[in-house]
Amino acid sequence: MSTPTLDRPSNVSEALARGRLGVPSVIFFVLSAAAPLTVVAGVVTTGYGVVGVLGIPLAFLTVAAVLALFSIGYVAMARRMANAGAFYAYVARGLGRPAGVGAAWVALIAYNALQVGLYGTIGAAAEPVLGRLFGVAPAWWVVALVAWATVGVLGLLRIDLNGLVLAALLVAEMVVIVVFDLGQLTHPAGGDVSFAALSPENLVVPGAGAVLVLAILGFVGFESAVVFSEESKDPRRTVRLATYLSIAIIAGIYALSSWSMTVAVGPDRIAAEAGEQSIGLIFNLAEAHLGGTAVTIGQALFLTSVLAAMISFHNTTARYTFALGRERVLPAVFGQTSPRTGSPRAASLAQSALGLVVILLYALNGWDPVVQLFYWVGTAGGFGVLLLIATTSVAVIAFFARNGVNETLWRRAVAPGLAAVALAVIVLLAVVNFADLLGVAPDSPLRWAVPAVYPVAALLGLLWALVLRGSRPDTYARIGLGAESVAVTAPPPAGHLGGPVPSGTAARR
């Protein structure tokens, strides 16, 4: 029997544009996905107002330490494989192809949820800006459609052009956050700067679990440096530096902003004021300390912060879809790139189509865009990414154990092992506190239905991989290989131990 061989599609149509992103550009993508101003204005005030735990600044620093620990093994594995599929590819290489496809299904749902959820808040973010500057108040879905068209067009352009847009938006956003923080620190409540929010005794209290989960949701996006590894100028150096610098920058800005907020309001009043003023708290403080012009600029940059996050998550989602299409786990059309721009054209268009459907669905049914789209769907997406991070930490350990790669014990086992334990605890806390996270009653069906989506999706992905192994061994052999997949020869039929990647035994994992 002859050995089946894969078709060899053109590398031009199945390769992302290489060498276009340096460390700063990747950091801009990562930080834009984290949406610093959105987190500071929304997540932090929600944490203070809803959960009522004062130690939020310390929670951000604690989560940053856990994610830095996770990144040690994550980056070590990234040095040995550049793949736009990121979590999907890492889980496939570490825990086997079926688990990898299961992770891919989870990633597609999670990142699409994060992206489309942002369409729900863009209207609320635009309302004060458009009202103050132009005296108009368009419906939320009109603003969402304008944002959707902008993101859709940028998704089809060169990746470095997207990076330039994000850079301009992000630098302005970071500057205004720091200016707001300085305004708060120089106007302390009662005349004294309080450090109570940085005290461990104000974090180790009932509700700490929910705060840790909120904190880790604020970091979602830090992991996406790996997604752009194929397009980086030096994948090994770029991914490592971008990942560590992103965690440090995010942790610093979140801890500073959440602490300065308690200084300006007072640690004994922050919960009540945040609960009453919500997102408006940071802008009301800025108006009192810096004047109306600063507020207008801040609100405008809050709007661009949401837009930047949309662009970043759109690019991340499109690359996951592209990676699956290139390896034929999804239809091959999704694995094609534009010969002119190198962007994952079909995958980008598919993500844009999903966004349009969601906007129209919510608009036609009159559903609440902020609570039911932004908050519920976005929180669900963040939880999915948390599951992926926890699973990948285990996959990293398995990858190094299985392949016998020369790496220090700290990087290949100890650090990812400690991270896996810490992340498992956070996942457990997230499940236990899911009703609080969604802001629904404890007996609401959403309390279990939303987190249950991911194990169901993972199981379906795993079953799909097993179907591919039996019916399309050439496709199965491609799983998790990234750009190498176009040169893979499929494994011989059952009973033959030879095969591709690098052996038949490996190919059937």
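Student: What does the accessible surface of the protein chain come to, and which atoms does 67% of it belong to?

Tutor: The accessible surface comes to about 18800 Å², and 67% of that belongs to carbon and sulfur atoms. Keep in mind that this is a predicted model. Of the 509 residues of the chain, 57% count as buried.

Student: What makes a residue such as Tyr454 count as buried?

Tutor: Buried means under 20% relative accessible area. Tyr454 has 3% relative accessibility, so Tyr454 counts as buried. Phe383 has 4%, so Phe383 gets that label too.

Student: Why is the pair of Phe383 and Tyr454 called tilted?

Tutor: Let's start with the pairing itself. Rings pair if their centres lie within 6.5 Å, and the centres of Phe383 and Tyr454 are 6.1 Å apart. Then come the planes: under 30 degrees counts as stacked and over 60 as edge-to-face, with the rest tilted. The planes of Phe383 and Tyr454 stand at 55 degrees, so the pair is tilted.

Student: And what does that pair tie together?

Tutor: Phe383 lies in helix H16 and Tyr454 in helix H19, so the pair ties together parts that are 71 residues apart in sequence.

Student: How many aromatic pairs does a search of the whole structure find?

Tutor: The search finds 15 aromatic pairs. Another one is formed by Phe219 and Tyr254, with ring centres 5.9 Å apart and planes at 75 degrees; over 60 counts as edge-to-face, so that is what this pair is called. Phe219 belongs to helix H10 and Tyr254 to helix H11 (residues 235–265), so this pair ties together parts 35 residues apart in sequence. Both Phe219 and Tyr254 are buried. Elsewhere, Phe70, Tyr74, Phe87 and Tyr90 form one aromatic cluster.

Student: Where is Ser352, and how do you know whether Ser352 is buried or exposed?

Tutor: Ser352 has its place in helix H15. The cut-off for buried is under 20%, and Ser352 has 8% relative accessibility, so Ser352 counts as buried. Setting aside neighbours within four places in sequence, Ser352 is in contact with Trp148, Gly152 and His314.

Student: Which residues of helix H13 are buried?

Tutor: In helix H13 (residues 280–290), the buried residues are Leu281, Ile282, Phe283, Leu285, Ala286 and His289. Just after H13, Gly291 takes a positive phi of about 100 degrees.

Student: Now to the empty spaces. How do you know where empty space is left?

Tutor: You roll a probe the size of a water molecule over the atoms.

Student: What is the volume of the largest pocket, and which residues are closest to its centre?

Tutor: The largest pocket has a volume of about 690 Å³. There are 32 residues lining the largest pocket, and Thr38, Val43, Phe374, Tyr375 and Thr379 are the closest to its centre. By class, the lining has 20 nonpolar, 11 polar and 1 charged residues. Helices that each supply at least two of the lining residues include H2 (23–34), H3 (36–51) and H16 (369–403).

Student: And what lines the second largest pocket?

Tutor: The second largest pocket holds about 340 Å³ of space. Of its 16 lining residues, Ile109, Ala113, Val377, Ala380 and Tyr454 are the closest to the centre. That is the Tyr454 of the tilted pair. H6 gives the most to this lining, with 5 residues, and by class the lining divides into 14 nonpolar, 2 polar and no charged.

Student: What makes a space a cavity, and how many cavities of 30 Å³ or more are there?

Tutor: In a cavity the 1.4 Å probe fits but cannot get out, whereas a pocket is open. The count comes to 1 cavity of 30 Å³ or more, and the largest cavity has a volume of about 40 Å³. Val43, Val44, Gly47, Ile56, Phe60, Val211, Leu214 and Ala215 line the largest cavity.

Student: Why does the lining of the largest cavity have 1 polar residue?

Tutor: Gly counts as polar by the class rule, and Gly47 is in the lining, which gives 7 nonpolar, 1 polar and no charged residues.

Technical notes: Residues numbered from 1 in each chain as written. Predicted model: local features only at pLDDT ≥ 70, side-chain atom pairs only at ≥ 80, totals over all residues. Heavy atoms only, no water. 1 Å grid on protein atoms, 1.4 Å probe; cavity = no way out; pocket = protein on both sides within 12 Å on 5 of 7 lines; lining within 4 Å. Points joined across faces, edges and corners; volume = space filled by probe spheres on them. Helix = DSSP H or I, 4+ residues; strand = E, 2+ residues; numbered from the N terminus. Buried < 20%, exposed > 50% of the residue type's maximum accessible area, 1.4 Å probe, protein only. Areas by Shrake-Rupley, 256 points an atom, 1.4 Å probe, with all protein chains shown as cover. Phe/Tyr/Trp six-rings, centres within 6.5 Å; stacked < 30°, edge-to-face > 60°. Contact = heavy atoms within 4.5 Å.
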